[in-house]
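Q: Hi! I'm new to this one, could you walk me through it?
A: Happy to, let's look together.

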Amino acid sequence: MKATLFRQHGGPEVLEYTDFPTPEPKPGEALVRVRAAALNRMDVMVRNGWPGLKLDMPHINGADGAGEIIALGAPLQIYPFGEGPGVGHRVAINANLGCGGCDYCLSGWDNMCRNWHLLGETIRGTYAEYICLPVRQLYKLPDDFDFHQAAAAALVYQTAWHSLITRGHLQAGETVLIVGAGGGVNTASIQVAKLAGATVAVVGSGADKLAQAESLGADILVDRSKNEEWSKAVFTATNKRGVDVIVDNVGTTYMQSLRCLKKGGRLLTVGNSGGPRFEIDNRFVFAKHLSIIGSTMSPLKDFATVMDLVVAGKLKPVLDKTFPLQDAAAAQERLWKGENFGKVTLDIA
Ligand SMILES: [Zn+2]
């Protein structure tokens with residue numbers, strides 16, 4: 001098969017479009033002909049590498065993808081989860097790889113699996129014509145559903161849904177503040193929060209990104225480039241009430257986020273684009289009865305819920321630009337430089 005892979009860590013120049021052995025499905029797995037892959041910033045971080053990251057080289061990037069099932073391995077039911085898709089079906093790939101057998105997986109929290117992997121991070125991913133995955137990782141799409149829409153949806157919506165709805169218990173009528181406008185999880189969070197009946201405030205940099213956030217349903221827009229102390233602007237915009245829930249995947253912004261929250265508020269986080277270490281003032285946490293709630297990806301049941309909403313058109317992935325598989329380096333550069341609004345995808349014809 002053709003794949004875009006790398007043999008050593010480095011810049012975009014290490015990506016190589018070449019031949020690689022087509023994988024064969026093990027028991028319980030399906031062989032998927034990938035038709036579209038969607039990029040995440042994680043792809044570039046894995047390509048660059050970090051201390052302690054050990055990969056079986058050559059490595060193939062890519063957490064998100066969609067395609068058709070070509071063949072199935074021998075049947076094997078580790079645990080039943082509805083009726084799985086079969087040969088010929090279009091599927092969206094779920095990158096959250098639980099083992100299916102540990103206590104967390106068996107109790108429905110496979111994103112907390114004891115032997116957890118993320119597709120494309122430590123396991124070869126979707127920048128390839130074919131991939132083998134356990135059937136439970138595949139969501140059956142309608143026959144005419146667009147592969148790029150499906151690939152663009154999978155990671156960001158499950159992440160946003162699990163954080164806001166399952167972990168954050170977001171209720172209709174609450175106010176949510178989303179710190180950052182352009183990233184994939186943040187745009188998904190705007191849509192999920194609106195669907196839940198919340199009022200959505202967004203802090204973002206620049207008129208363009210805020211206009212796009214507004215087009216996705218954001219009600220209150222705060223321009224960070226004009227308000228360094230944006231927590232005050234948010235407080236004013238909410239009639240000095242503050243917000244119930246904050247989505248903060250930056251991290252270094254926590255002090256302002258903690259200030260914006262109402263008493264009893266929840267700060268949700270699924271990442272730290274501003275870096276992993278920063279200071280907070282603990283007095284805000286206990287004196288205001290705040291909760292800081294972390295999560296990553298989602299269990300299978302949330303993935304199915306959110307993909308049902310995507311297929312029904314209630315959540316609409318924002319697509320940026322599509323590149324052919326052999327131009328994955330240019331696609332990653334576009335994403336890494338922040339030139340995109342919405343998901344960058346690869347076409348795997
Ligand atoms: Zn497990």
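Q: Which residues are buried in α4?
A: Val185, Asn186, Thr187, Ala188, Ser189, Ile190, Gln191, Val192 and Ala193 are buried in α4. Buried means under 20% relative accessible area with a 1.4 Å probe, protein chains only. Helices here are DSSP runs of H or I with at least four residues, strands are runs of E with at least two, and both are numbered from the N terminus. This is a predicted model, where local features need pLDDT of at least 70, side-chain atom pairs count only at pLDDT 80 or more, and totals for chains, interfaces and linings use all residues. Residues are numbered from 1 along each chain as its sequence is written, and side-chain values use heavy atoms, with hydrogens and water left out.

Q: What covers them?
A: The cover includes α3, β11, β12, α5 and β14.

Q: And what does Leu164 touch?
A: Setting aside residues up to four places away in sequence, Leu164 touches His169, Leu170, Val176, Ser189, Val192, Ala193, Val245, Val247 and Leu268. Touching, or contact, is heavy atoms within 4.5 Å.

Q: New topic: where is Asn94?
A: Asn94 sits in the loop between β6 (90–93) and β7 (96–97).

Q: Buried or exposed?
A: Asn94 is buried, at a relative accessible area of 0%.

Q: Which residues is Asn94 in contact with?
A: Beyond neighbours within four places in sequence, they are Gln137, Gln158, Leu300 and Phe303.

Note on methods: Buried means under 20% relative accessible area, exposed over 50%, partly exposed in between (1.4 Å probe, protein chains only).
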